[in-house]
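Morning, everyone. Please bring the model up on your screens. I'll take it piece by piece.

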Amino acid sequence: MTDLNTLKIAEARDALRKGEVTSVELTEACLKAIEGAKALNAFVHDTPEIAMEQARAADARNAPDAPSLNGIPLGIKDLFCTKGVPSQAASFILNGFKPEYESTVTQNLFDAGAVMLGKLNMDEFAMGSSNETSTYGNAVNPWRRGNDDTALTPGGSSGGSASAVAADLCLGATGTDTGGSIRQPAAFVGITGIKPTYGRCSRWGIIAFASSLDQAGPMAKDVRDTAIMLNAMCSHDPKDSTSADIPVPDFEAALTGDIRGKTIGIPREYRMDGMPEEIDALWTRGKEMLRDAGAKIVDISLPHTKYALPAYYVIAPAEASSNLARYDGVRYGHRARLAQGDGITEMYEKTRAEGFGKEVQRRVMVGTYVLSAGFYDAYYNRARRVRTLIKKDFEDAFAQGVDAILTPATPSAAFGLGEMAEADPVQMYLNDVFTVTVNLAGLPGIAVPTGIDRQGLPLGLQLIGRPYEEGDLLNTAYALETAAGFVAKPAKWW
């Protein structure tokens, strides 16, 4: 067989069931690839012993009717708590933290027979769009611009997950998405990533950033693999009060590719000033591909879109300020060294100043400000009202018969590491312009690679679906993927 780490999940599953390959062989191939890809800084906590133990157990269970993920090697974003394994959210303040419990999503994956290769790099506490805020250092995109050797961002916050899947270090990876942190990096590295409906995947055991926006999802090499992973990740969980008690359908079975009679909405407000010509052309091509597949294309209006970024960057920091108050140096993680005479207040101040990076500090400060007595109504409550209006825009579009909405996934291809990080942070925040509305409305959204720009970098389109209709959304994405025929891979330099 070909290099086993380059297989897709569906291919590996079928080979495992037929006895053509073992999970041990698959896992060894991935571990070897990880060892040879240190330049990408995608994996930050390797767990080869756990991986091999799980692989051997999967081989012992293997049968023609074994679960789809039985024996499949995956990477786990460092935001997911994994029992006995460092789980730091890429923050120094959680240095040395090893949970005594397993997140519901990772437990679901292990119950389905998945193999954990290790923990993946990310932006600190999932706050970032370029994976440059991590205590582990930058994750690096395996793609390069033509013959230029500038290191590019893999996107964020799930940058390590994106880089690892694109570079064939694992067959799939978990990500989380608070404002686009699955879809933007997936588009930057030419893979598929879906943020399911809020409540589809349990948030229990996932280190919180903004609790009303955070949602876990899979990142994989194509739509089918994404569907297979999503099936295992989803479940109702009594430990998460926002978890939806709704049956999980067979997402893979929904992939017929037949979208005849479907209505695809094109929101006029997403045509931003200064949008690069290549993104605009890709969007037009996406519309044509879906029309050729039998879908009806209609223009729609989502009038409150222009308020989405400001509302998001009030609500998300406010929730982060509240969630991150628990990191005080008392119970776990980093504690600052204190001077003689220092009391509890000094311990809190020094620990948080040393433990949190600049971007996390910035968002905590913003969040604390908008929640303060004099500004709560002016900022936070107003942003919540705007969020309700954004949600209603989508509800109105779906009520008019729209089945899915097609937009660009990102405003550009991957940019160079360092090119934006030191600039005005608002420039970095603008990377989320096409994705944050989906989180504010709690909807499912998927990024599908559909083209290459003039510098040879991947570009993606986003499809937004109705709540809890991920199967229908995945099928539309499957039709788009089939029409686009994207098969490009990064040339190996690492």
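Predicted model: local features only at pLDDT ≥ 70, side-chain atom pairs only at ≥ 80, totals over all residues.

**A covered strand and its neighbours**

Residues are numbered from 1 along each chain as its sequence is written, and side-chain values use heavy atoms, with hydrogens and water left out.

Names next. Helices (H or I, at least four residues) and strands (E, at least two) are DSSP runs, numbered from the N terminus.

Back to S6, residues 215-220. Strand S5, residues 192-195, runs antiparallel to S6, and two bridges join them. Two strands pair if DSSP finds at least two bridges between them. S4 also pairs with S6, again in the antiparallel sense, over six bridges. There, Asp177 stands opposite Gln215.

How many of the six residues of S6 are buried? Six of six. Buried means under 20% relative accessible area; exposed is over 50%, and partly exposed lies in between (1.4 Å probe, protein chains only). In a regular strand, side chains alternate between the two faces of the sheet. In S6, Gln215, Gly217 and Met219 take one side, and Ala216, Pro218 and Ala220 take the other. Both faces are covered.

Ala89 is in the loop between strand S2 (73-77) and helix H4 (104-111). Its phi is near 55°, a positive value in a residue other than glycine. Ala89 counts as buried because its relative accessibility is 0%.

Asp168 sits in the loop between H5 and strand S4 (172-177). Here phi is near 60°, positive in a residue that is not glycine. Asp168 is buried too, at 8% relative accessible area.

Now Ser157, in the loop between strand S3 (115-120) and helix H5 (159-166). The peptide bond from Gly156 to Ser157 is cis, with omega near 5°.

**Two helices crossing**

Last stop. At what angle do H9 and H11 pack? Helix H9 (residues 308-323) meets helix H11 (residues 358-371) at about 100°, and their axes are 7 Å apart. So H9 is roughly perpendicular to H11, a label for angles of 65 to 115 degrees.

How values were computed: Axes fitted to C-alpha atoms, helices over the stretch in contact; angles between N-to-C directions. Parallel < 35°, antiparallel > 145°, perpendicular 65-115°, else oblique.
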